[in-house]
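Dear colleague,

Please find the structure below, handed over for your records. A short account of the findings comes after it.

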There are 4 protein chains.
Amino acid sequence: MILIFRHGVQQPEIDAVLDRLGSLGVKAHVTRGAERIVLTLEGEEDILRAAQLEALAGVERLVATQKPYKLASRDYRPEKTELRLGRLKLGAKRIVVMAGPCSVESRAQCFEIGDAVAKAGATVFRGGAFKPRTSPYSFQGLGQEGLEILAEVRERTGLLIITEVMDTRDVELVARYADIIQIGARNVQNFSLLNEVGRGQVPVFVKRGMMTTITEFLMSAEYVMSNGNESVILCERGIRTFDTTLRNTLDLAAVPVLQSLTHLPVIVDPSHGVGDWRYVVPMARAGVAAGADGLMIEVHNSPATAFSDGVQSLLPERFADGMGEIRKVARAVGRTV
Amino acid sequence: MILIFRHGVQQPEIDAVLDRLGSLGVKAHVTRGAERIVLTLEGEEDILRAAQLEALAGVERLVATQKPYKLASRDYRPEKTELRLGRLKLGAKRIVVMAGPCSVESRAQCFEIGDAVAKAGATVFRGGAFKPRTSPYSFQGLGQEGLEILAEVRERTGLLIITEVMDTRDVELVARYADIIQIGARNVQNFSLLNEVGRGQVPVFVKRGMMTTITEFLMSAEYVMSNGNESVILCERGIRTFDTTLRNTLDLAAVPVLQSLTHLPVIVDPSHGVGDWRYVVPMARAGVAAGADGLMIEVHNSPATAFSDGVQSLLPERFADGMGEIRKVARAVGRTV
Amino acid sequence: MILIFRHGVQQPEIDAVLDRLGSLGVKAHVTRGAERIVLTLEGEEDILRAAQLEALAGVERLVATQKPYKLASRDYRPEKTELRLGRLKLGAKRIVVMAGPCSVESRAQCFEIGDAVAKAGATVFRGGAFKPRTSPYSFQGLGQEGLEILAEVRERTGLLIITEVMDTRDVELVARYADIIQIGARNVQNFSLLNEVGRGQVPVFVKRGMMTTITEFLMSAEYVMSNGNESVILCERGIRTFDTTLRNTLDLAAVPVLQSLTHLPVIVDPSHGVGDWRYVVPMARAGVAAGADGLMIEVHNSPATAFSDGVQSLLPERFADGMGEIRKVARAVGRTV
Amino acid sequence: MILIFRHGVQQPEIDAVLDRLGSLGVKAHVTRGAERIVLTLEGEEDILRAAQLEALAGVERLVATQKPYKLASRDYRPEKTELRLGRLKLGAKRIVVMAGPCSVESRAQCFEIGDAVAKAGATVFRGGAFKPRTSPYSFQGLGQEGLEILAEVRERTGLLIITEVMDTRDVELVARYADIIQIGARNVQNFSLLNEVGRGQVPVFVKRGMMTTITEFLMSAEYVMSNGNESVILCERGIRTFDTTLRNTLDLAAVPVLQSLTHLPVIVDPSHGVGDWRYVVPMARAGVAAGADGLMIEVHNSPATAFSDGVQSLLPERFADGMGEIRKVARAVGRTV
């Protein structure tokens, strides 16, 4: 950590800072430049941050020299994590495609979509049983009944199941059904929920929030990991910006940035990223070209009667075509699907 | 709701939309302009939205003509809500000032700050017992012990207590101690939590999230209200924008906008809004001038040793001075403090 | 255009609007729904917009049904524009790569970089002679001397030349040297400059501004085109968002969106998009996978002594390697380089 | 300037950096911490920035310790600048109100509005003769004829005149008529234009752009000042964020922040800030409460037939009422109007 004093800081102010650091057991190297006096500090960054040093008179600001996340960083684990899920490996050469409807609506719907996406090459089935909806008057999901249907899809197709949990009280229930538990974008800083899934053993798929910086995103992963569950998957799904042409702005540069900062697998969700089925396949291709370890894509057999997200869902045949395109790009960057 | 067809839409596409609307029991008036064919629809907006009509071929977009929130709207209750809390009224002529530390750290700290802010004219004491922190390694709050301390502050000073809840499982506990329950910015779309506090009777103080639009913010209030608890207070506390000079961008125009859209009381939190104690009082004055019904201000007796948010906390004497300035502006806009 | 009246609008207010429309020669179809009264208007959108109807009492809002741009739209020219530049075609199957230093610094620098990028497969040389710099104390470009050097690079390598103009008074000068004139991101709404380059015949390369919506971007193209110069090329180079991990947020979804809205060629500039050379090649690959017609990439022979943008510049050998990767992805999406 | 090496940097990398610094004549103090090696550098920040040191291997990042602006800073002039304009003083105790229509439309219109705003207490008349419009098909201003009308308004009412210039070629013309020259939000980084008005002597009113950070805003002022014209006025007029409820997000915290960083007068334009006349007066009050030195407010005698910005323009009688409210708040914060 580096502490920069304000221009014109007075000696008693400097002394007060040094005293405070002494009482925290922090060593400080003083450098007196022509323009500024600077302290280079040694000690646990967390302690220093907690020390609220910026509130001391004469201090301009603190500059962190360490990343605030540890377990999620490449310093902790330099090699990329390969997460084993049954026969699947996440974070390996083969790109994992997760596909399915936004909401679990019925057994028939899920069976039809599940059969189609399995045939097209997906290996994980997505579907929401608990749905975070902006309006309390919208469809909120089938709950446990939805989880049962998902289990039947797994039975029938061999696809692994990913589904969202929204409430700490449901974590145990969802964990009984899901192969991967999803934390939705709106819960990316629901720290109680992150702690709860972190205490379990089911891999956790954390979606970046609409306003989450890269550092905050990794800190959310850190919450899960610091509770003991190190099987975390990160998902870029679009951030919120001034441009409202599309539902979100898919931040694909987050893919190579995350790949350099963390060992965890990185997935792209182009469906939420663009919110319009016409742009899903181009952005899925782009996500793979940018270096993603996997894709999450919404597929629906009848988008116009879907309970949610119909506009951004691909018809099964379009998804199958898109898988062909994705496969070609994967090959071009030395991956498979 | 208005449905706009794409330029060059084909008759069979129009027929398919009309069929779908018919099956939903929705009446549609067709207007054929030179440029566009437009449908004006009658029926429950929620049903129509659920109908995912934008996924139908030939449809360019739907334009909502109704607000998605009902109970929170001025249509539901044209008069401003005056929320009674003991001797206090929120949303009335007198501006309510909530003040106190970010975190409850100790009995001594809370007693000292509580005495000071009560003397300066605050009527509600704030303090966090459950703290949402970006890092799992930061101080997470004293939990129930913190709640006990808050109850003692109330006993001692007569101040009402506001404190945050983060987990659905803690709602009952927090409700036993708090006069007002706070939903933090990061939980503004934690729908499970909104539902849970909505089932109780303690007034709910909802902080706008960093990325929450005005409509989404009102929908979060709607979540609480639709569960039966209509005592909701809204708080603008800064949004996240491209400018990182300050911690957040305090969106004060949200105050008159909210005042026109909803009957609920609107509070401004300048402390989180700017994140630097030097700008808190000017923005508190501005919040009152913009029409806020109250203020939430962080005060700490020793900012440099605070467990959190020291930099944005006012010393008790600065808070007292600031109250003098706030009082003058309140009078200038026909309010009292 | 659709005009939506406020809930509870009074008849005299409706009459006043209809009178005003009558005086503008606009036909209005009235639809009286249970909830809202709506007018569907026929007439030139521009006239209607100018009419400031939203300022009339009782009007809630206007909803445009036509795009505000004409010449830039697919309605005006349904086929994709192929822009011929000597032997080059922009907007055709072959992806055009523009490469070179941020600033023209010297003849030796430009010759070395020009030779290298030509060998690696670039077909256009970029280099700034007039530099828009945030600080008045930074290097502002070599001006005409820089233009002369660019002309020598063209002579020597056969590469076409693209360079920026910042001042209406320099347009004629720059047009004498450049094969393509660049309008920088900060001048995307410098309408005087857009008009001036629109009066010339040199193709114009318009960079999207940091805060430019897709519609505004196309309106900037429209400014150029409406002056007679229809040779416009659009460039996505990153927008400004809350996340400051990288210099900008490269909005790659803008590529397929623009491809669907306009017939003009769409280029991606990953160098400014990410601002860090380590992520340039992955995002160049992603840009091609998303459907871009070309790339603009900064290359420097000595990034650490560059006058500007050193951190985001590729060394010539890294650029050559990157071209290999880009070529593979281009092939995967049915293009060549 | 502080240079932070990457974790695990190698000695040859450090040596290369020190060599480069030596060749630039920069002194470097090395601090070797347990976690990081840090250099504290002495020398002109501009030279160091130009040196592109971040492109050197092993360097993580540079941290600036000086502000990049000089003339605009409080270090250069600790006292607040009082700008004399005839009988007016900008930046003094009396708040200056600038009012008038968006566009100069006709002599009759300007006379009527000019008379009304003068009577209500405004001291500067605003009106655009050159209009930056998103669409090339919108009204572009009356040009020189508009300037003539403005001069007549000054003659008639005694109000000073502020009007915008968009093209370097028009600066001399506009300077002959205007008492204050406005640089619009879209030209805030049109450096050629900033240089040109900086070479003149007419005070320059710089509007913050929709995406301009506080530092960039002050750098734009620095462009003007570094050319010799130190009479610069800053105007906050709303930034662009994710929330589209209003036209812009008025960043009122920029007022006290700017007041602390610069000696230049700071004005608030609530009309563009909110884009809806209903919220203009509350935000004008808030601007004054936040510490603004003046206000710019759009007033029109017939908003519904205005050529531009009708929706955000106040009727003259509403403006007069608003002035009464503004006056009260000014008094509450120790100012006059």
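The notes below cover conventions, the barrel, its helices and the cavities.

This is a predicted model, in which local features need pLDDT of at least 70, side-chain atom pairs count only at pLDDT 80 or more, and totals for chains, interfaces and linings use all residues. Residues are numbered from 1 along each chain as its sequence is written, chains are lettered from A and ligands numbered from 1 in the order in which they are written, and side-chain values use heavy atoms, with hydrogens and water left out.

In chain B, eight strands close into a parallel barrel in the order E7-E8-E9-E10-E11-E12-E13-E14 (strands are DSSP runs of E, at least two residues, and helices runs of H or I, at least four, numbered from the N terminus; strands pair if DSSP finds at least two bridges between them). The twist averages 25° from one strand to the next (axes are lines fitted to C-alpha atoms, for helices over the stretch in contact, and angles run from 0 to 180 degrees between N-to-C directions). Strands E11 (residues 204-207) and E12 (residues 232-236) of chain B pair over four bridges, and Val204(B) has Val232(B) as its bridge partner in E12(B).

H3(B) lies across E7 (96-100) and E8 (124-126) of chain B, at about 145° to E8(B) (contact means heavy atoms within 4.5 Å).

By a 1 Å grid over the protein atoms alone, where a cavity is a set of points that a 1.4 Å probe fits but cannot leave, there are 11 cavities of 30 Å³ or more. The largest cavity has a volume of about 160 Å³ (the space filled by probe spheres set on the points, which are joined across faces, edges and corners).

Conventions: 1 Å grid on protein atoms, 1.4 Å probe; cavity = no way out; pocket = protein on both sides within 12 Å on 5 of 7 lines; lining within 4 Å.
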